[in-house]
Amino acid sequence: MATVKKSKTKIIVPICIVLVIAIAAGAIFGVSKSNSGEEVSLYTISTEDIYESVSLTGDVSAGTVKEYKVATVATVKEVFVNVGDKVKKGDVLATFNAESLDGQISELSSSYNSALKGYNEAVKTQKTAKAKADALAAQIAATEKQIAKLTANALTTTTTKKKQTTTTTTQKATAPSVTQPSTTTTTTTASPTTTVAYPTSAIAMLVADTPTLPSMPDLSALSDALAELNKNLVQLTDDLNTLATMTEIISVTITEAIASGMFDSEVIADRVADAVYQAMRDGIIDSANLLVENDVAVNMIRTAVASIDFSAITSTVVNSNNVSLTAAQLQLAALQAQYTIYSVQADETIVNAQKTAVDASKKALDALRQQKKDMEEGWIAAFDGTITAVDIAAGVQTTALSTGIKLENLDSMAVTVSLSEYDLHKVRVGMPAKIKTAYGSYDGEVATIAPTATGGSSSSILDSVGSMAGISGLSSLTDTGAGVDCTVTVPETDENIIVGFDAQVEIETGEYLGVVVVPIESIKLEKTGSYVYLYNEEENTVTKTQIETGAVSNTAYQVKSGLKAGDKIVAAPAADYEEDTFSVKVVTK
């Protein structure tokens, strides 16, 4: 049999035809899809009611709790209750022997009386210092006027003397040429004094026109030295009256010494030491108020005074040519030094500090007295309830670490939840709430909101994410989220809500009736905000559009801006749209 060979050309041709048809079909299908656009289903915006709430998990506790604690050491006489006992308001829970508190009360009373005495003395000293400071201010003003007047008089005297000197000089210089005629008509020449008198007269006239002030002492350094010395006296006493007395004695002794012409620092220091020591012997300075022994205090004062270089400070006093003006300047320096000290003593800072000490002592004393009274009367049940803890026993001494007795009213409950930063601004005291346990549901109300937050710093991130998904309170589910404690009361309870267990709390934070809403699944959340894809029916396109949301329910957001009722949006936008505006094919799903 003859073998027939098939042509390869005949086989290739059909294959090529098939490929061409496939490519053409694909191209036609692609063009058709491009022309029709992305398939989307639409949602028509409408108005609805939104009931907003915050959902949280919290711990159940008794609605009313009172813990009886012993703040000090005492001996228990008798305990009348055990854990689990039900008691009525007014029942005695335990009694104590409170005699051991008498000593503590006596010590606190002594501290309070001492603080009160110090406060009264501080007030008295302040008033005295204020009066003296005012009087010194008046004396300073008067002395300054006196100095100004003496300065003016000294200036006038100096000017007058210079003018008189100028006139005399002029007369003596010009006399030969004016009043004595020459006796020789041909040979006599002008007297030599005539040629030198006029320059002398001119110089004198210039000097007379520019008078200078008399020599006056600058005693500002003395004023500063006295003030600094007086400030250092606080190392010797913390009693204001004693400080004021020493201040006055030292300042007066120093200024009197200088006024008498004594500028030797050692001599002045001796005078001051003698004056202070004499005041101690006479009882003018109360030695009991000194922080050191009398001799030590006197030596410290003498050393401080001797360290001041009075000769240098008052050097101009010696050279002053006006005794009255110098004395006035010296008096002003002393007055200014004393005024500085009394101004400090008149300040309210010391009085306020003493008042704080009095208040603290009084508060401690009152608390201990109340503690003793409570123990003598015994611990009394403040309300009907159940004893849930007993940590004391008859005949045993208590400590500050003892729990004591815990009374709880289990007929009413409370749930404590943690509000995140996001939820806090929504919740207010008095808002209704629903409490759910594994076996029951109860009505409640927000009772308290703590003023500060506790915990970490991740709450804002967690709750921002949660808010985008319509979930609140995510941070309360973690150990690191910061939160504000909020107490929700449950006035009517039963055996299905148990202290110590968890409960779900839903707080109704608001109702928004007839508002524009958008389904949660229609929103695309990004870092820059919330977006929807708004449908343009004329152009058969959708455009990415930003909206502002408000209240949120389990299924929808309130739309504050960006959409209106009747608008159509993509019901469930895909996550991979590449363009902000594109053509679409509307389908019904």
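Which residues does S553 touch, not counting residues up to four places away in sequence? In this predicted model, they are I50, Y51 and I520, where contact means heavy atoms within 4.5 Å. S553 sits in the loop between β16 (541-552) and β17 (556-561); helices (H or I, at least four residues) and strands (E, at least two) are DSSP runs, numbered from the N terminus. With a relative accessible area of 16%, S553 is buried, going by cut-offs of under 20% for buried, over 50% for exposed and in between for partly exposed (1.4 Å probe, protein chains only).

A word on the ground rules. Residues are numbered from 1 along each chain as its sequence is written, and side-chain values use heavy atoms, with hydrogens and water left out. Because the model is predicted, local features need pLDDT of at least 70 and side-chain atom pairs count only at pLDDT 80 or more, while totals for chains, interfaces and linings use all residues.

Now for the overall picture. The protein has 13 helices and 19 strands, and 37% of its 589 residues are buried. Of the contacts with a separation of 6 or more, 80% are between residues 24 or more positions apart.

S311 turns up in helix α8 (residues 310-313) and, at 39% relative accessibility, counts as partly exposed. Neighbours within four places in sequence aside, S311 is in contact with F263 and D264. S311 and I258 are 53 residues apart in sequence, with 9.5 Å from C-alpha to C-alpha.

Patches are made of residues with over 30% relative accessible area and no salt bridge, joining like charges within 9 Å and nonpolar side chains (Val, Leu, Ile, Met, Phe, Trp, Tyr) within 5 Å. A salt bridge is a side-chain nitrogen of Lys or Arg within 4 Å of a carboxyl oxygen of Asp or Glu. F80, V92 and I380 make a nonpolar patch of about 220 Å². V92 belongs to strand β6 (residues 92-97) and is partly exposed at 35% relative accessibility. E38, E39, D576, E578, E579 and D580 form a negative patch; Asp and Glu count as negative, Lys and Arg as positive, and His and the chain ends are not counted. The charge is placed at CG of Asp, CD of Glu, NZ of Lys or CZ of Arg. D580 lies in the loop between β18 (568-570) and β19 (581-586) and is partly exposed, with a relative accessible area of 48%.

Key
Areas by Shrake-Rupley, 256 points an atom, 1.4 Å probe, with all protein chains shown as cover.
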